[in-house]
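User: I'm new to this one and would like to learn how to read it. Could you walk me through it feature by feature?

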Amino acid sequence: MPAFEPGNRCVVHIDADAFFASVEQRDNPELKGKPVIIGHDPQSRGVVSTCSYEARAYGVRSAMPVFQAYRLCPNGIFVKPRMKRYQEVSGAMFDIFEKYSPVIEKLSIDEAFIDSTGENGVAMASSIRRHVKQELGITVSAGVSYCKYLAKLASDSCKPDGLKRIAKGEAQGFLDRLPVSCLPGIGPKTQSRLDSLGISTVGALRQMPENWFARVFGKTARRFQNMCNGIDNDPVIPWREVKSISEETTFDKDIADTDSLRGHLAALAQNVAFRLRKAQLKCRTVGVKIRFSDFSTITREHTMPEPVSSDAEIFSQAKTLLEAAVPEKPVRLLGVIAKGLVPKNTRQASLFEPPDVPWDNISQSMDLLRSKYGRPVVFLGASLGSQAGGKTE
Ligand SMILES: [Mg+2]
């Protein structure tokens, strides 16, 4: 089974497992392994906002009245929600996501779609899972697929602490078995209507003729029919403006050799440029970050009159900055950053419009190849030998 499907959109869905309860268990190890129920005290009329998997074993669920949860699980540890704390952990989690892709759609405090088109979605998802666990001490589940709702269904199906990919060829088999209520947009009302017609699975719903869909779903008929067939072209919509895109590498051994540094710089520039183009952006400012063996760190940047996004242009700016910084000590970490981001079609109005730069066309062909093979195929000569060098943070 190939881990990457050429030419297709790739979406990663990440969802933290029992998020609030996991944060409480992480902050207070005494709660680990115990049925933790986040909600106001059992005497109140509130509802459960989240509960640990240990509490779920008793039948406790989110949105259940707290008194009912208490009845099911009298030994449960009821904890008042600390929203501020959860926001903090959520912020740190989204900071991690942003290291992987500039295109992130926030669905809730602990859930996001991450566009991983052109990359190996499974590798990205497992890396994010590892990263979150190491840094924040909680687990997240991940789904990987060629569209958003399937990525979400995939992660829902492998909770907790799982990773599942649904490839194009597997989508139909996966969907057909699911209850209709799994499709986004099918609420309890529609569900009971479908139930009364004897339609309980997506597979059964899919068999219905087009005019039946039109009658039952009206305007949204096509959308539901498509979803039954594994078709959805909704893009991942970034939830906030991307301010910068950067890549950095910490070397296994400090590097003093300029040629070798230049090689690593080219590989970094190439990744930054690729991510810029994926987000349909260009940058006005290119910067480099250099951390020396003694941990002192410098950054240098340069702003250009015209925004750029090609590998060659970003590398050439970064190279000039690196050379001007004259690294005299061995380098421990090297980074490239693109700032001053603008939509890709922005160009300064000029009386003397320069002839169309061919870089856009070249970049487009390079990106098609990279998306097809999941790694750079055509790359800067200077990056040769450093394609797999160092580890990207
Ligand atoms: Mg969650």
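Analyst: Let's start with a word we'll need a lot: a residue is buried when its relative accessible area is under 20%. Keep in mind that this is a predicted model. Buried residues make up 45% of the 393 residues in the protein chain, and that chain has 14 helices and 13 strands.

User: How many residues of H1 are buried?

Analyst: In H1, 7 of the 9 residues are buried, so this helix is mostly covered. The buried ones are Phe-19, Phe-20, Ala-21, Ser-22, Val-23, Glu-24 and Gln-25.

User: And what do the buried residues of H1 pack against?

Analyst: Their partners are E1, E2, E3, helix H2 (53-56), E4 and H4.

User: How do I read a pair of aromatic rings?

Analyst: You describe such a pair by two things, the distance of the centres and the angle of the planes. Here the count comes to 8 aromatic pairs. Take Phe-20 and Tyr-86: their ring centres are 4.2 Å apart and their planes stand at 10°, so the pair is stacked. It also links distant parts of the chain, with Phe-20 in helix H1 (residues 19-27) and Tyr-86 in helix H4 (residues 83-98), 66 residues apart.

User: Are Phe-20 and Tyr-86 buried or exposed?

Analyst: Phe-20 has a relative accessible area of 10%, so it counts as buried. Tyr-86 is buried too, at 0% relative accessibility. Now look at another pair, Phe-94 and Phe-97, which is edge-to-face: 5.0 Å centre to centre, with 65° between the planes. Phe-94 and Phe-97 both lie in helix H4, 3 residues apart, or about one turn of the helix. Both Phe-94 and Phe-97 are buried.

User: Which residues do ring pairs link into a cluster?

Analyst: That would be Trp-212, Phe-213, Phe-217 and Phe-224.

User: Let's move on to strands. How do the strands of a sheet pair?

Analyst: They pair through backbone hydrogen bonds, and the sense is either parallel or antiparallel. For a parallel case, look at strand E7 (residues 140-145) and strand E8 (residues 163-166), which pair over 4 bridges.

User: Where can I see an antiparallel pair?

Analyst: Strand E2 (residues 36-38) and E3 pair in the antiparallel sense, over 2 bridges. There, Ile-37 has Cys-51 in E3 as its bridge partner. E3 and E2 belong to an open sheet of 3 strands, in the order E3-E2-E4, with mixed pairing.

User: Which strands stand at the edges of that sheet?

Analyst: Strand E3 (50-51) and strand E4 (77-79) do; each has a single partner strand, so one side of each is left without a neighbour in the sheet.

User: Which residues coordinate the magnesium ion?

Analyst: Asp-15 (OD), Ala-16 (O) and Asp-110 (OD) coordinate the magnesium ion, at 2.2 to 2.4 Å. Along the chain, the donors follow the spacing D-A-x93-D. Two of them come from distant parts of the chain: Asp-15 sits in strand E1 (residues 11-16), while Asp-110 is in the loop between strand E5 (104-108) and strand E6 (111-115), 95 residues away. Both Asp-15 and Asp-110 are buried.

User: Where is Ser-309 found?

Analyst: Ser-309 is in the loop between strand E11 (297-308) and helix H13 (311-324). With a relative accessible area of 6%, Ser-309 is buried. Leaving aside neighbours within four places in sequence, Ser-309 is in contact with Ala-273, Leu-276, Arg-277, Leu-281, Lys-282 and Ile-314.

User: And how far apart are Leu-261 and Pro-330?

Analyst: They are 69 residues apart in sequence and 9.9 Å apart in space, C-alpha to C-alpha. Leu-261 lies in helix H12 (residues 258-278), and it is buried, with a relative accessible area of 1%. For the chain as a whole, among contacts between residues at least 6 apart in sequence, 66% join residues at least 24 apart.

Definitions and conventions: Residues are numbered from 1 along each chain as its sequence is written. This is a predicted model: local features need pLDDT of at least 70, side-chain atom pairs count only at pLDDT 80 or more; totals for chains, interfaces and linings use all residues. Side-chain values use heavy atoms; hydrogens and water are left out. Rings of Phe, Tyr and Trp (its six-membered ring) pair if their centres lie within 6.5 Å; planes under 30 degrees apart count as stacked, over 60 as edge-to-face and the rest as tilted. Buried means under 20% relative accessible area, exposed over 50%, partly exposed in between (1.4 Å probe, protein chains only). Two strands pair if DSSP finds at least two bridges between them. Donors are N, O and S atoms within 2.8 Å of the metal (3.2 Å for Na, K and Ca); water is not among the atoms, so sites may look incomplete. Contact means heavy atoms within 4.5 Å.
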